[in-house]
Amino acid sequence: MLRLIKHLAVICAILLTCLASYGDDDVVLIRDSEIEDVLIDILNPILDVAGVSRKSVKIYVLGSKTVNAFATFDRTVFICAGLLFKAEKVEHIVGVLSHEIGHIACEHLIRHIGMAERSKILSGALMLLGIGAGMMAGSPDLVMGGVLGGIAMGTNTFLYHSRAEEEAADNKAMEFMQKLGLSSRGLLEITEIFALSARLNIGEKGLPNTHPDIEERVNYLRSNVDRYKQQTTRSGKIPDGIEERYKRIKVKLWAYSAPIEKVLAKYPKNDDSMETLYARAIALNRRGDFNGSITCINILISRFPKDPYLAETKAQILYENSRIAEAVMLYRRLVAMKKDDVLLNVTFANALVKSGDIASLNEAEKVLHNVLIKDRTELLAWRLLSIIYGRRNEYGESALMLAESALLRENKNEAIAQAKRAIKYGLKSPGQRQRAEYIAQVKTSNRKSKKPSSTDKNNVLSLTAAKL
Ligand SMILES: [Zn+2]
């Protein structure tokens, strides 16, 4: 399911699936298993040759037209949709990601800024990730303005690497690409594209679009790219078929984001290619043509019955057209195939909660507890659990889930208030009571006087800022 998570000035909490609705001032986080899986499959071989742990780096797509990518805090790489649209081949994306991982491998921490600014950037990024869950859970209280302020300000003001660091990251990127058996010309080409877009000032408010040193980077790459021996064959580390998959996620992203009529004109009815049917299934659903949409996706599924992403798209179409029982059935089959896909499991649980009967709520509860074992930071899982407990009149447990969610978003006041509510209503499990009591005593401020907690410290130490 492609989820769109909007940075808001508007107080509303809805699940958006259409990118086209975002305005120039909005920055959205796009969550989609297929898109993220492709990017992770491109990223992982780079991490391997860089000697960076796969588990330590996360990657997300921002629904921004800006041609850019950057790593913010705690080894999280953000890549803008604008860059994905501009990147013509996989080598371009490998080049971009190699550069970002180059910064991480070189431990280019932000040395020029103070702790306060670091915290600001860190909390901006954390809230950005948190908002996704809040939006999905339909919770207006999670919605905050200025979420991306830290990142945007940071990128223009604080996230500055020296020229030497940029060169080092580019050298690392060329080295990684050589190890992968790829020509580092891909990096040069995408940097030229990036420089051109910066000259044309293509971008959005709220995200960086200018880099004073980009021309210097292009010149540096032009004169150094040939130092790295050109390879004619890949090392085999980049998965086979990645080009086709990459092309498909571009079509998907575009079908969700471009004006509907434009998508339907580019992918006409009389063409039955994979790309066209995929794009039409998405665009027709956006237009409210359920039958047309489901016909396209069914044709694709009959051709590729084992493709989980096609089935997931169908499940989303069913879900969005209130065919919840059918969507649930499909999601259940999918999660059996992709047990470790946290995003998919949460989406499944969301559909179960929507169906509303007790058996579905119980099943969703189990799914969500398993999700949280894998990833405690999945905010939507906490929110959905809160809804489930609320429906069962287990108000203490429901409030505790809200407290956990608030704590993750660093909203300590709300966390404390919810923990106190949980204690007041009562909790059956001694472990949960203990947890509520712990959260109720979390200190809210006086940061200046206390040492950073181990979490804060780790985050600050691993804070890496890299711009393309
Ligand atoms: Zn850089």
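**Entry 1: strands**

I began with the sheet and found that strand β2 (residues 28–31) and strand β3 run antiparallel, joined by two bridges; I count two strands as paired if DSSP finds at least two bridges between them, and I take helices (H or I, at least four residues) and strands (E, at least two) as DSSP runs numbered from the N terminus. The model is a predicted one, in which I required a pLDDT of at least 70 for local features and 80 or more for side-chain atom pairs, while totals for chains, interfaces and linings use all residues. My residue numbers start from 1 along each chain as its sequence is written.

For burial I call a residue buried if 20 or more other C-beta atoms lie within 10 Å of its own, exposed if 12 or fewer, and partly exposed in between, with C-beta atoms placed from the backbone. Strand β3 (residues 58–62) has four of its five residues buried, so it is largely enclosed by the rest of the structure.

**Entry 2: the chain as a whole**

I listed 21 helices and six strands in the protein chain, and of its 468 residues 48% are buried. Taking two residues as in contact if their C-beta atoms, placed from the backbone, lie within 7 Å, I looked up the contacts with a separation of 6 or more, and residues 24 or more positions apart account for 66% of them.

**Entry 3: the nonpolar core**

I define a nonpolar core as a set of buried Ala, Val, Leu, Ile, Met, Phe, Trp, Tyr and Cys residues joined through C-beta atoms within 7 Å. The largest one holds 117 residues, and the members touching the most others are I79, V94, L97, Y331, A349, L384 and A403. Helix α17 (residues 379–391) gives the most to this core, nine residues. Domain 1 (3–240 + 462–467) and domain 2 (270–445), whose bounds come from an automatic or database domain assignment, both give residues to the core, so it lies between them. Leaving aside residues up to four places away in sequence, I found A349 touching A364, V367, L368 and L384.

Helix α7 (residues 185–199) has 15 residues and reaches 21 Å from its first C-alpha to its last, close to the 21 Å expected at 1.5 Å a residue; the expected span is 1.5 Å times one less than the number of residues. Its buried residues include L187, L188, I190 and F194, and the buried residues of α7 pack against α2 (81–86), α3 (90–105), α6 (163–179) and α8 (214–224).

I made the same check on helix α18 (residues 395–408), where 14 residues at 1.5 Å each should span 20 Å and the end C-alpha atoms are 20 Å apart, which agrees. This helix is mostly covered, with 11 of its 14 residues buried, among them E397, A403 and E404. The buried residues of α18 pack against α17, α19 (412–425) and α20 (430–440). Just after α18, I noted a positive phi of about 65 degrees at E410.

**Entry 4: further single residues**

Most residues other than glycine have a negative phi. S322, not a glycine, has a positive phi of about 60 degrees; I located S322 in the loop between α13 (308–320) and α14 (324–337), where it counts as exposed with 11 C-beta neighbours inside 10 Å. N393, also not a glycine, has a positive phi of about 65 degrees, and N393 sits in the loop between α17 and α18, exposed with 9 other C-beta atoms within 10 Å.

S257 lies in helix α9 (residues 242–257) and is buried, with 22 other C-beta atoms within 10 Å. From C-alpha to C-alpha, S257 and G63 are 8.9 Å apart in space, although 194 residues apart in sequence.

**Entry 5: confidence**

Last, I looked up pLDDT, the predictor's confidence in each residue from 0 to 100: the protein chain averages 78, and 73% of the residues score at least 70. Confidence is highest in helix α12 (residues 290–303), at a mean of 98, and lowest in helix α21 (residues 454–462), at 27. Over residues 203–210 the pLDDT is below 50, and this stretch has 31 contacts in the model beyond near neighbours in sequence. Residues 446–468 also stay under 50, and the model has 46 contacts for them beyond four places in sequence. Where pLDDT is low, the predicted coordinates should not be read in detail.
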